[in-house]
Amino acid sequence: MDALTPREIVGELDKYVVGQSKAKRAVAIALRNRYRRQRLAPDMAEEVAPKNILMIGPTGVGKTEIARRLARLAQSPFLKIEASKFTEVGYVGRDVESMVRDLVEIAIKMVREERQDEVKDKARVAAEERLLDLLLPPGAPSPLGDQSADANMMRDHQQTTRERLREQLRTGKLDTRVVEIEVRERHAPSFELIQGSSVEEIGVNLRDMIPGMFQGRSRSRKLPVPEAFEHLTQEEAQKLIDMDAVSRQALQRVENAGIIFLDEIDKIAGREGAQGPDVSREGVQRDILPIVEGTTVNTKYGMVKTDHILFIAAGAFHVARPSDLIPELQGRFPIRVELEALGRDEFVRILTEPRNALIKQYIALMETEGVHLDFAPGAIQRIAELATFVNERTENIGARRLHTVLERLLDEVSFHAPDLDGQTITIDAPYVDRMLADIAKSDDLSRYIL
């Protein structure tokens with residue numbers, strides 16, 4: 001995926017996000033620049049910093065979706081975090097370095113799952129042998145009812161029985177059997193926050209000092225054969241995975257391919273003395289600045305350099321302006337793109353074009369009950385018009401309004417779906433008007449707002 005051209009990247013994003021061509025071009029170029037950087041000489045590559053992006057636009061226009069789809073396309077560790085959740089160092093709250101630690105945890109999970117897929121076949125073979133040992137312990141009489149009086153034949157007989165059990169296990173004939181296995185429990189420790197230190201730092205330090213404390217304890221559990229097989233497969237996969245290698249690759253992936261999406265950055269814009277919470281918003285910006293500029297963060301898996309992590313910040317900026325951010329932070333987001341507000345025409349496309357379009361989702365959901373929904377073109381136009389109308393009369397929440405409108409539109413069908421098996425329900429413009437008449441007529445629309 002790294003070799004995709006910017007045009008191809010935009011084409012992939014078009015499958016899920018309607019419009020916003022400027023934002024798509026910006027992230028496509030940023031992703032392609034990563035590929036270009038990998039082809040440079042090491043000394044030059046170290047000097048090439050990512051061009052962080054600031055997305056400006058109202059809620060519900062696709063800022064988060066563009067960033068999330070980009071990360072999936074690039075198979076990059078991706079973290080979405082609200083900047084407003086951070087507090088200045090010295091106050092009770094999350095410290096800014098926790099975003100890097102969270103990103104590392106995501107990368108560890110990604111790499112571990114990749115390794116598990118690689119060793120899956122070996123793990124299943126080993127798990128099957130362990131399960132057969134539980135079903136037929138060595139030296140135990142056959143559970144199939146076969147008995148042999150000749151001691152010299154016992155070993156061959158048991159092997160034959162084991163193979164018959166294996167066949168039954170693979171064909172699902174033993175799924176109702178219950179076996180007893182050892183399961184390791186893990187208890188997450190709880191920490192009191194110490195002023196000046198983060199929960200994450202305390203956790204890392206304690207794990208280093210007394211590692212045995214967090215290993216959990218084993219206890220016997222009786223599980224059905226399918227559940228026991230899955231549990232044993234996971235255990236065997238863990239044995240086959242080199243976690244040190246996983247950690248090294250995860251840290252490398254974070255440093256060279258990580259993406260952090262800083263949402264609601266406009267909520268921390270503002271200077272000292274401005275109205276707002278007691279905790280300084282400018283102080284939070286100054287704490288975020290070193291992470292974005294490039295620093296080294298200590299995690300329980302090792303040190304992580306943030307120099308080449310791509311940061312995408314986003315905010316509506318209804319009240320604050322990008323210029324209200326401290327100049328140093330502004331300078332670290334050199335690429336700014338404004339996303340356009342969505343109207344009726346965009347809503348029609350959002351309802352029908354993307355691979356995960358809402359209309360397709362509702363049709364698929366009702367098909368599980370044997371009910372077929374048939375949306376007429378006029379109905380889709382009317383849904384888009386009503387969603388635009390409510391956005392204009394109340395808070396504009398962009399495409400999220402479509403969820404509200406569709407839920408109310410299909411409320412009756414969803415409730416009675418189990419009794420409508422085999423029926424086709426046609427959703428046309430008169431049906432939409434009948435079901436959403438209250439929204440169209442009422443001046444008080446508060447009860448229809450998400």
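**Salt bridges and the elements they join**

Modeller: The side chains of Glu 46 and Lys 305 form a salt bridge, with 3.3 Å from N to O; the term denotes a side-chain nitrogen of Lys or Arg within 4 Å of a carboxyl oxygen of Asp or Glu. Glu 46 belongs to helix H3 (residues 42–47) and Lys 305 to strand E7 (residues 302–305), so this pair ties together parts that are 259 residues apart in sequence. Helices (H or I, at least four residues) and strands (E, at least two) are DSSP runs, numbered from the N terminus. Glu 46 is partly exposed at 41% relative accessibility, and Lys 305 is partly exposed at 37%. Here buried means under 20% relative accessible area, exposed over 50%, and partly exposed in between (1.4 Å probe, protein chains only).

The model is predicted: local features need pLDDT of at least 70 and side-chain atom pairs count only at pLDDT 80 or more, whereas totals for chains, interfaces and linings use all residues. Residues are numbered from 1 along each chain as its sequence is written, and side-chain values use heavy atoms, with hydrogens and water left out.

A second pair is Lys 80 and Asp 263, whose side chains meet in a salt bridge at 3.6 Å, N to O. This pair links distant parts of the chain, with Lys 80 in strand E2 (residues 78–82) and Asp 263 in strand E5 (residues 259–263), 183 residues apart. Lys 80 is partly exposed at 28% relative accessibility, while Asp 263 is buried at 13%.

Asp 14 and Lys 24 form a further salt bridge, their closest N and O atoms lying 2.5 Å apart. Asp 14 is in helix H1 (residues 6–14) and Lys 24 in helix H2, so the pair ties together parts that are 10 residues apart in sequence. Asp 14 is partly exposed, with a relative accessible area of 42%; Lys 24 is buried, at 1%.

Besides Lys 24, the buried residues of H2 include Ala 23, Val 27, Leu 31, Arg 34 and Tyr 35.

Finally, Glu 128, Glu 129, Glu 163, Arg 166 and Arg 170 are joined in a network of salt bridges. The structure holds 31 salt bridges.
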